[in-house]
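Thanks, everyone. Let me walk you through one model this morning. Have a look at it first.

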Amino acid sequence: MLARVGAASIDALFTDIPAAKRLDHDLDLPHRKTEMDVERRLAGLAAKNVAAGSVPFFVGAGAYKHHVPASVDHLIQRSEFLTSYTPYQPEIAQGTLQTIFEFQTQVAGLTAMDVANASMYDGSTATVEAVAMARRITKRSKAILSGGLHPHYADTVRTYSAMAADETEVLAPDVFAAEDLCAFVDDETSCVVVQSPDFFGNLRDFSGVAAMCKAKGALLVAVFTEAVSLGLVQPPGAMGADIVAGEGQSIGNRLNFGGPYVGLFAAKAKYLRQMPGRLCGETVDASGRRGFVLTLSTREQHIRRDKATSNICTNSGLASLAFTIHMTLLGDAGLRRLARINHANAVDLANRLARVKGVEVLNKTFFNEFTIKIAGDAAQAVERMAAMGVLGGVPVSRLLPGRGLDDLILAASSEINTEADRAAFAGALQGALSC
């Protein structure tokens, strides 16, 4: 196999993996255990976890705990959905195709964009595809990434861009949403990637950046990680975004230990043929009846990797279906009410935490997540709160280590949190800072 691909050794095969990340020794694992021994060991490890639903929970940072109606799980487990195959044959896949079409319609409406695709794997890879799409459209290879973009998203873009020899300029972490993105846009820029609400919870108006991008021939890529926010805040399309990429996990999908999630992707109509992934369209059959088909791109277009518009030739079918069912149950009024509850709960939490000695809420604006600065080490405080039975947010240093942000915590509060939960968080934080 090595000879066939032209690699001299196993190490040569994995040269794309940085040397510092490669093991030079065997893993410290027993060579053999019985199945029962392994089950006991894994059960013991699992018992160390604090389940998200067992204690007051305020963790966000890109994955959010929301209530998912029982009907969502019931419906997606129907065999015609759970075991359905890729809908290449419309004559036997009208149900699947219609749910995809409804999903696309909902995403386009939420983002205020012209068209949406059938979904991506998750928000980070959707962002990568947006940057690649901007490169194809502008014929430029330099992307500017806001300091408010989720660090995992920025890392994913950097990884893919490095493989394509593209330039990625990641700005310094922007806790207060004070960066001047317009100053970084020049005639070599393919796109500017912004996020709202951003990683630190700030709401951003990027209409000015959109105007600058247009003047310079670049595109604006708008990202979001909390889909419920679109029920309340101004959508990216209304601020001039050319491409929108985001995470849809918040609607219809549980935390699921980090996945599978569902990436949302939308764009202006004029860029339709450069969109990655699948697109479902409405048509009529030979009898004039309404029908649905995959359209504008062929399966072969995705399989021919070096010639492909994108290397994603599938979509997150079941997760996008869960999104669609939950959105349908909510409706427009329900989503707006859910968003208002999230914001109100977060405001109440921010007010409670601000009264704790040694705590400062840094955000002037936020949706359901914000950043606090504490008098002490954030990671230690979060661990102390966990020991008290409260999962009190995410230390920023966990996602941005070595950046001088060791005293910052991201805290999120959704509709699942009660007044008692928020009081418990404030009390646990006060206790953690007193240790």
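Before I point at anything, one definition: helices here are DSSP runs of H or I with at least four residues, numbered from the N terminus. And keep in mind that this is a predicted model.

Start with F14. Where is it found? F14 is in the loop between α2 (10-13) and α3 (35-46). Its relative accessibility is 39%, so F14 counts as partly exposed; the class runs between 20% and 50%. F14 also belongs to a nonpolar patch on the surface, together with V5, I10, L13 and I17. Taken together, those five have about 440 Å² of accessible area.

Next, T96. This one lies in helix α6, residues 94-111. Buried or exposed? T96 counts as buried, because its relative accessibility is 17% and the cut-off is under 20%. What does T96 touch, leaving aside neighbours within four places in sequence? The contacts are S84 and P87.

Which strands are at the edges? Take the β1 edge. β1 pairs with β7, residues 263-267, in the antiparallel sense, over 2 bridges. There, A116 stands opposite A266 in β7.

On to a hairpin, made by β8 and β9. β8 covers residues 280-284 and β9 covers 290-294. The two strands run antiparallel, and 5 bridges join them. Between them are 5 residues. Watch G288 in that hairpin: it takes a positive phi near 85 degrees. At the strand pair itself, C280 stands opposite L294 in β9. C280 is at 4% relative accessibility, so it counts as buried.

That brings us to the cysteines. A disulfide is a covalent bond between the sulfur atoms of two cysteines. How many disulfides do we count here? The count is 0. Look at C213, which is in no disulfide. Its nearest cysteine sulfur is that of C182, at 7.4 Å. The cut-off for a disulfide is 2.5 Å between the sulfur atoms. C213 has a relative accessible area of 0%, so it is buried.

That's my tour. Over to you for discussion.

Notes: Residues numbered from 1 in each chain as written. Predicted model: local features only at pLDDT ≥ 70, side-chain atom pairs only at ≥ 80, totals over all residues. Heavy atoms only, no water. Patch = residues over 30% accessible without salt bridge, like charges linked within 9 Å, V, L, I, M, F, W, Y side chains within 5 Å. Areas by Shrake-Rupley, 256 points an atom, 1.4 Å probe, with all protein chains shown as cover. Salt bridge = Lys/Arg side-chain N within 4 Å of Asp/Glu carboxyl O. Buried < 20%, exposed > 50% of the residue type's maximum accessible area, 1.4 Å probe, protein only. Contact = heavy atoms within 4.5 Å. Pairing = 2+ DSSP bridges.
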